[in-house]
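Welcome to a short tour of one protein model.

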Amino acid sequence: MMGVMASEEIRTMTPPTASSSAPAGTPAAPGAPAARDARERDGASPRAWTMRVLVLGIVLSALNLRPAITSLGALLEEVRDGLGMSGSVAGLLTSVPPLCFAVFGVMAPRLARRFGAGAVVCAGMVAIATGLLVRPYAGGTAGFLAASALALMGIAVSNVLMPVIVKHWFPDRVGSMTGLYSMALALGTALAAAVTVPLTDALGGSWQSGLALWASLAVAAVLPWLPFARGRVTPPGAQDAAARGGPARGGRAASHEPDAAGADAAPEVPRLRITRSRTAWALAVFFGLQATAAYITMGWMAQIFRDAGVPAGTAGLLLAVTMVMGVPLAFVIPRLATRLPHQGPIVIALGLCGLAGYAGLYLAPAAGSWAWALLLGVANCAFPLALTMVGMRARTGQGVAQLSAFAQSTGYLISIPGPLLVGVLYQHSGGWGLPIALMSALMIPQMAVGVLAGRNRTVEDEAAA
């Protein structure tokens with residue numbers, strides 16, 4: 001599928017040849033269009049190679065954006081016993097991901113402008129691999145948290161830069177490419193939830209080994225980004241412009257300074273005052289509330305089922321079912337969203353599924369466990385919808401970078417208290433009634449701000465300096 005999508009992008013993004021698009025009197029580089037066309041017909045075009053490697057890098061990176069969290073959720077009880085954690089401290093542990101995403105995610109656009117997005121994502125994958133390998137053996141709760149933060153830092157910058165990379169390299173396929181990496185993200189999330197417990201048992205029952213094995217997946221994700229980290233590739237528009245001897249597509253001039261997507265720098269664009277945009281705030285709050293629900297689910301849902309009498313292995317499978325629902329839906333929903341003038345109806349449908357799932361967890365957690373897992377899996381697809389709206393609510397690459405950083409960093413800040421509060425309520429109430437009531441209550445404002453974020457607006461129209 002990746003090869004097919006890459007080929008589609010090559011065809012879509014190939015601009016007219018110099019002879020047909022250059023103004024009268026503009027000399028074309030002799031033989032350049034013909035040579036480029038010949039290379040593309042033979043499948044040996046540098047662009048074809050670049051696009052395929054980039055798609056592979058995006059998919060492998062997306063696979064690594066959640067196993068650090070869901071593998072821990074599957075083994076949370078064992079980790080708590082091994083490190084001597086209370087319920088409140090475990091709640092703090094489940095709040096670390098959004099905290100790190102908020103703190104480190106805001107740095108991503110600046111790092112990308114300085115080093116290029118490819119280099120930053122490559123470094124992020126290295127950080128994930130290192131953190132996942134070190135944290136089970138760091139010794140004590142503090143070391144575990146510090147190593148987790150290192151891995152989550154890599155996840156944070158990659159979270160923010162993925163919409164930027166997609167918007168820049170695949171401007172005509174934002175929906176399908178967002179769907180592809182959202183689908184890979186959901187697959188990685190589900191895979192970690194499903195197989196961590198069985199693999200831990202196969203490795204002798206050591207939770208340290210069960211968590212550390214996920215570092216190998218992150219190591220594999222480093223490799224496709226190495227050519228981009230070294231600055232050996234440029235976007236298709238820049239390549240064609242160089243062949244024609246003119247500016248890149250969209251008026252991009254040659255420069256040695258990378259922009260937020262790791263490409264040649266564009267002429268200076270006025271920076272947006274993003275906090276002036278109501279759409280940006282609505283999207284940030286929507287992102288934060290859906291992240292709250294997602295991290296509560298990833299961190300605590302397996303424990304809810306285990307406390308209801310479901311065996312540990314089955315509880316892990318139920319969490320995997322919730323996560324794997326995002327695999328097909330994360331590909332369908334972004335494509336559907338880009339075809340609608342208003343994404344509000346999708347927001348409402350996902351929210352209603354979430355409310356139904358919470359009601360089931362409260363009334364009959366064990367008896368209807370598979371149904372509740374499915375419903376909550378559908379509700380969790382608010383995440384790929386939010387990412388798609390980031391790409392739709394801005395017209396320019398710089399606007400997407402600013403909106404992505406603002407919405408994700410602000411959203412993750414909003415989501416920090418949720419998992420922690422669930423842990424506190426669980427410990428002090430002795431049951432799951434109050435935590436589930438909290439989850440249900442938060443779904444109402446999530447639906448409201450999602451409808452506002454889904455309006456056909458752009459932040460450039462609302463937040464121009």
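Angles under 35 degrees count as roughly parallel, over 145 as roughly antiparallel, 65 to 115 as roughly perpendicular, and the rest as oblique. Please keep in mind that this is a predicted model.

**Helices that pack together**

Let us begin with helix H16 (278–307) and helix H22 (residues 397–415). They pack at an angle of about 45°, with their axes 7 Å apart. H16 and H22 are therefore oblique to each other, and their crossing is right-handed. On the H16 side, the residues that meet H22 are Ala280, Trp281, Leu283, Ala284, Val285, Phe287, Gly288, Ala291, Thr292 and Tyr295. From H22 come Leu403, Phe406, Ala407, Gln408, Thr410, Gly411, Tyr412, Ile414 and Ser415. Sorted by class, this contact of H16 with H22 has 13 nonpolar and six polar residues, with no charged ones.

H22 also packs with helix H21 (382–392). Here the angle is about 145° and the axes are 9 Å apart. Phe383, Leu387, Val390 and Gly391 of H21 make the contact with Val400, Leu403, Ser404, Gln408 and Tyr412 of H22. The residues of the contact of H21 with H22 comprise six nonpolar, three polar and no charged.

Another pair to find is helix H5 (residues 67–74) and helix H11 (residues 174–202), which pack at an angle of about 30° with their axes 8 Å apart. That angle makes H5 roughly parallel to H11. H5 passes H11 in a right-handed crossing. On H5, the contact is made by Pro67, Thr70, Ser71 and Ala74, while H11 brings Gly188, Thr189, Ala192, Ala193, Thr196 and Val197. The contact of H5 with H11 divides into five nonpolar, five polar and no charged residues.

| Helix pair | Angle between axes | Axes apart |
|---|---|---|
| H16 and H22 | about 45° | 7 Å |
| H21 and H22 | about 145° | 9 Å |
| H5 and H11 | about 30° | 8 Å |

**Spaces inside**

How many cavities of 30 Å³ or more are there? The count comes to six.

The largest cavity holds about 230 Å³ of space. It is lined by 20 residues, and the closest to its centre are Leu185, Thr189, Met323, Asn380 and Phe383. Which element gives the largest share of the lining? H16 does, with five residues. By class, the lining of the largest cavity has twelve nonpolar, seven polar and one charged.

The second largest cavity has a volume of about 120 Å³. Of its 14 lining residues, Ile69, Leu72, Leu93, Thr94 and Pro97 are the closest to the centre. H5, helix H7 (87–105), helix H10 (140–169) and H16 each supply at least two residues of this lining. The residues that line the second largest cavity divide into nine nonpolar, four polar and one charged.

Technical notes: Residues numbered from 1 in each chain as written. Predicted model: local features only at pLDDT ≥ 70, side-chain atom pairs only at ≥ 80, totals over all residues. Heavy atoms only, no water. Axes fitted to C-alpha atoms, helices over the stretch in contact; angles between N-to-C directions. Helix = DSSP H or I, 4+ residues; strand = E, 2+ residues; numbered from the N terminus. Left-handed = near helix turned anticlockwise from the far one by under 90°. Contact = heavy atoms within 4.5 Å. Nonpolar A, V, L, I, M, F, W, Y, C, P; charged D, E, K, R; others polar. 1 Å grid on protein atoms, 1.4 Å probe; cavity = no way out; pocket = protein on both sides within 12 Å on 5 of 7 lines; lining within 4 Å. Points joined across faces, edges and corners; volume = space filled by probe spheres on them.
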